[in-house]
Structures are given as structure tokens and as C-alpha cells.
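Open the model in your viewer and keep the selection panel at hand. The tour goes stop by stop.

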Amino acid sequence: MNGFSERAAPRRLLRLLPLLSLLAFLSVWHLAALCTDLLATPLDTAKALAGMLFFPTSKVTLLHHVWASLCRVLAAYALAIAAGVLLGVLFGWSRRFHDYCYPIFELLRPIPPIAWIPLIIMWLGIGEPSKIAVCFIGSVVPILVNTYFGVSRLDPTYLKSAKILGAGQRALLTHVILPGALPSILTGMKVALSSGWVCVIAAEMIAARKGLGYLIIRSMESGDMVHILVAMILIGSVNFLFSWLFSKLEGVVCPW
Amino acid sequence: MVGDIHVKGLGLSFPQQNGIHEVLRDVDFVIHSKEFLVLFGPGQCGKTVLMEAIAGLLPPTAGSVEDAQGSPLRTQELCMVFQKYALFPWKTCRQNIELPMKFKGVPKQARRKRAADLIHLVGLDGFEHSYPRQLSGGMKQRVAIAAAYAKECPLLLFDEPFGALDAQTRLQMEQELVRIWQQEQKTVVLITNSIDEALLLGDRILVLAGSPSSILEEYDLREFPRPRSLSDRPLLNLRQSILDRGFFENEGGGDLRCE
């Protein structure tokens, strides 16, 4: 019945729907801002955003804040992909390694990355490495878990078939195990990226001089609502952009 | 060159909760060089297990599989086509066919050429760049067969390769398999639970049944000319006499649990 009503509606209207819902959201926001003093209006927020692009807030411009957070997230992300895929494949590949090391991982895994912040600051200080480390912990877990899942769920027929076709251990890894687990690895990478953003904001709220998380906490201290909203909107948009890029990437890397 | 292959006193058992489940006992037969041998048996009689033992994927509990010189078979000498088309979904038709050559270290140019020839041989021209999900069941099985041929090994094992296909496609694939086999001069062992398939394809038919299973009977069909048709009187007579033997009657349907 749902499909029927969709077919009945003109196509052009359907394409406008996301725009309409966005408009509705902005109007509700606007009304809420007018009726209470809990929010700044969307227009004020947009104005502030435009201003922050050119005039420094907390010493640097808005794009600098975004860039600072982005660098931390991406550095941690690269490390997390390398470590997560490596360990995930090892866990799925070697029964013995799995039995020895997986319990340790299972024990550490439920600890929220943010709970690591105090310890990491004691170890690494409040510089860049500590923020990258927190993001790393947040990103590596989903990549590792999904890689392991992908490798261990691989149909054993593929392994048998590859052996029969003459694959050595290395060929097995590059032609069968890694591509077979790739969709699952990509899922892990997608989750890891947003998890990395959560962590960077949290880490910046505690100790930083720039970055979007720092901007939020700084604006809170000065009671500056528009700046909080600007930072939140940017976090949302950057994440949205990455998810979108990811869905494009999936089609390119896994065309099957 | 492997020559004749001897399966000697092969036995296979699997541990289960309530003791040991014996699937095969004293399986004895010879696979002659360049012949088309059909292993015919009911579902769940251990045919797949036997084939995996011949392929070296399962170590036998008893007995051995040896070549003419008495040494065990090496993976390089054989290839197996699985019941469920084991194509790699992340590789295109051509990449799947090239894979065994890649594993062997065949240079790219030679690989391309051989793959193109094989694609033509199995009638898949134009589908080189298709992924398995874009192909029908029959086409997938053709790719799997071409990949097995690409390995250039003297012994080919087929585990109920056409079981999942519709009758029309199946008949066509069977005829093509015979044509390719005649053209390429290989030893073929094919498992089936269809008596018609066995009669159409085999130089010899070995009946595998019982609990535990062993070879119960051997039929020599070498005097039946190819291409065969199931409407040929002598073939029909043989079919009737095999059915009259009632090999599978004591099996009790789904009572056997092998795999």
C-alpha cells in the first residue's frame, strides 16, 4: 500500500520532500527560538557562521577549527584502519591467536573510549598525541570487530575452492580473505569514522586550544549560544559529508 | 601425467555426540586415465565426502588415494568443481577464470589469451566483465568449469555440478561437458544422484550406496556410442536393469546423515 501511494505521487514532489522536511525543521527551530530564549534563530546562527569564516574565534577562523579536528580524526583513522584490519584478519585467520588474545580484547572493548581520556592524558600529556590516541581507541574497535566478523563468516567453500585452484597462503589472503571481508570492513570503517568524531569532540572539550569540540566548550563558558550551534551544525555537516562520500566509495571498491 | 588413480580401501568416519558416524567403508576403485567416470548414489550417501577425500581436502580415516606410481595425489594435478558454484563474487567472469593461472604464475598475456579461449569454449563471449551475481545459475557453473579447465590439470572432479539447474539448462550443460571433455582429453570424475545424467555421461558408472557406503556395482558403458540419447533402446534397458536392482531401497529416504 505504501508503494502504491508512492507511485501515485508525482515524481517531482518526491524529489522535493527532503527539502520540504528541512524547511519544516528550520521553521520549527525558528518558532522555538522566537517563543523561548532557549535557542538562537537559524538566521542568527547562519550569520554567525558566515562571520566566523572570516573573523577568528578563539584566535583562529572557523575552517581552522574544522581542520584541526579533521586532522586528529583522520590521523587516528589511518592508524585504526591499519591496526584494526591487521588484528581482525589475524583473529579470523588464526584459531590460536584468537584463543590467546580475543579474551583480552573482549575485556577492553566495552570500556568507552572517553573513559580512557584521563589515563591517556596522564600518559601522553595534553598535546596532539593524546587526542589522536582517544580517537584511535574509538575507531579501532568497530574496524577490528567488523573485520573479524567478515573473515570468520567467509563461506568455507571459498577457502576450499581457492586451495583446490592452487592458492598459497598469501594468495588466499589477497584474493579471497581480504576481498571477501571487504564489505564488512567498509561497514566497520563507516562506523569508525563517526565514532572517531565523537571521540575527538570529547577529547577537545577536555584539553585543546582549537577544534570544534574546543569551540563548543569555549562558547559554553562564555554563554555564546550561536557559536555552540555553529559548531554543532558543522560537526553534523562534516559527518554527513563523510557518510555520503563513503556510500559513493562503497560502490567503487565493491562493485559486486 | 597422473595415469590411473587407485582409491584403495578408503574409509571415512566423523566423531559425533553418540559415538562415531561411519560414512564410507572399504571404498575401492580405479579411475582410468582420460575416462569419464560417474559416481552414482542417493543423496547423503557420502559422495561429496568421497570426492573431497580424493581431492585431498579431507584426510581419510582409512585407506589411500594414489597415482599409478603409488604416491598420493598432489593438488596441482587435480581440480574440483563444487556443487554450489564456488565462484568468487568479487571477481568478474574473466578474473575468476584467470585466477588458477595467476596462482601458478602464468604471465598476464598468456592468461588473457587462455581465458578468452576458455570463455569462448563454454559459450560466455560478451560476459567477460560480468560479476557472478549478474549471471544465471547455468552461466555461473560454466565459469566454474572454465576456471577448473584453466588450471590445466589432468584430473577433474565434479561434485553434482548441475544439481541446481533446471532440466533444460542441465541437459544442455551435460552435452557441453561431454563435448569439452572429448576436446580437452582429461580424466573426469562426476558425482550425481540422477540416473539419467549417469547414463548420458559416463564411460563407467560406479554405484555408491549403503550405510556406511561403498561401491556396490560397476557398469561399463564404453560400447554405447556418443552422443547418447535417453530414448536409445539399449540405454533404456540398462536404465531399467539398474533401477530393478533397487540399490537405494533400504535407504529409508532421509534416514542417512552424512554431511
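Select Arg94(B). In this predicted model, Arg94(B) is partly exposed, with a relative accessible area of 21%. The cut-off for buried is under 20%, so Arg94(B) at 21% falls in the partly exposed class.

Show the side chains of both. Arg94(B) and Glu98(B) form a salt bridge, with 3.6 Å between the closest N and O atoms. Why are the two separated by about one helical turn? Because Arg94(B) and Glu98(B) sit four residues apart in helix H2 (residues 93-104) of chain B. An α-helix has 3.6 residues a turn, so residues three or four places apart point the same way.

**Next: two helices, one pair**

Select Glu176(B) and Arg142(B). Their side chains meet in a salt bridge, 3.6 Å from N to O. Glu176(B) belongs to helix H5 (residues 167-184) of chain B, and Arg142(B) to helix H4 (residues 137-150) of chain B. The pair therefore ties together parts that are 34 residues apart in sequence. Buried or exposed? Both Glu176(B) and Arg142(B) are buried.

**Next: two strands**

Move to Glu218(B) and Arg204(B). Here the salt bridge spans 2.9 Å, N to O. Glu218(B) lies in strand S9 (residues 213-220) of chain B, and Arg204(B) in strand S8 (residues 204-210) of chain B. The two residues are 14 apart, and the pair links distant parts of the chain. Colour by accessibility: Glu218(B) is partly exposed at 41%, while Arg204(B) is buried at 3%.

Over all chains, the structure holds 24 salt bridges.

**Next: helix H1**

Select residues 47-55 of chain B. This is helix H1(B), and nine of its nine residues are buried. Among them are Lys47(B), Glu52(B) and Ile54(B). Step past the end of the helix to Gly56(B), which follows H1(B) and has a positive phi, near 85 degrees.

**Next: a loop facing chain A**

Select Ala86(B), in the loop between strand S5 (78-81) and H2 of chain B. Ala86(B) counts as buried, at 12% relative accessibility. What does Ala86(B) contact, leaving aside its neighbours within four places in sequence? Thr157(A) and Ser161(A). For a distance check, pick the C-alpha atoms of Ala86(B) and Asn96(B): they are 10.0 Å apart, ten residues along the chain.

**Last: the interface**

Show both chains. The contact takes 23 residues from chain B and 18 residues from chain A. Chain B and chain A bury about 1,900 Å² between them, with 73% of it on carbon and sulfur atoms. Highlight Phe88(B), Trp90(B) and Phe103(B). These supply 37% of the area that chain B buries against chain A, more than any other three residues.

How many salt bridges cross the interface of chain B and chain A? The rule finds one. Select Lys160(A) and Glu52(B): they form a salt bridge, with the closest N and O atoms 2.9 Å apart. Between chain B and chain A, five residue pairs are in polar contact.

Finish on the side of chain B that touches chain A. H1, S5 and H2 of chain B each give two or more residues to it. H2(B) has the largest share, four residues. By type, the residues on this side of chain B are 16 nonpolar, one polar and six charged.

Definitions and conventions. Residues numbered from 1 in each chain as written. Chains lettered and ligands numbered in written order. Predicted model: local features only at pLDDT ≥ 70, side-chain atom pairs only at ≥ 80, totals over all residues. Heavy atoms only, no water. Buried < 20%, exposed > 50% of the residue type's maximum accessible area, 1.4 Å probe, protein only. Salt bridge = Lys/Arg side-chain N within 4 Å of Asp/Glu carboxyl O. Contact = heavy atoms within 4.5 Å. Buried area = accessible area lost by both parts, 1.4 Å probe. Polar contact = N/O pair within 3.5 Å; in protein donor to acceptor, adjacent residues only side chain to side chain. Nonpolar A, V, L, I, M, F, W, Y, C, P; charged D, E, K, R; others polar.
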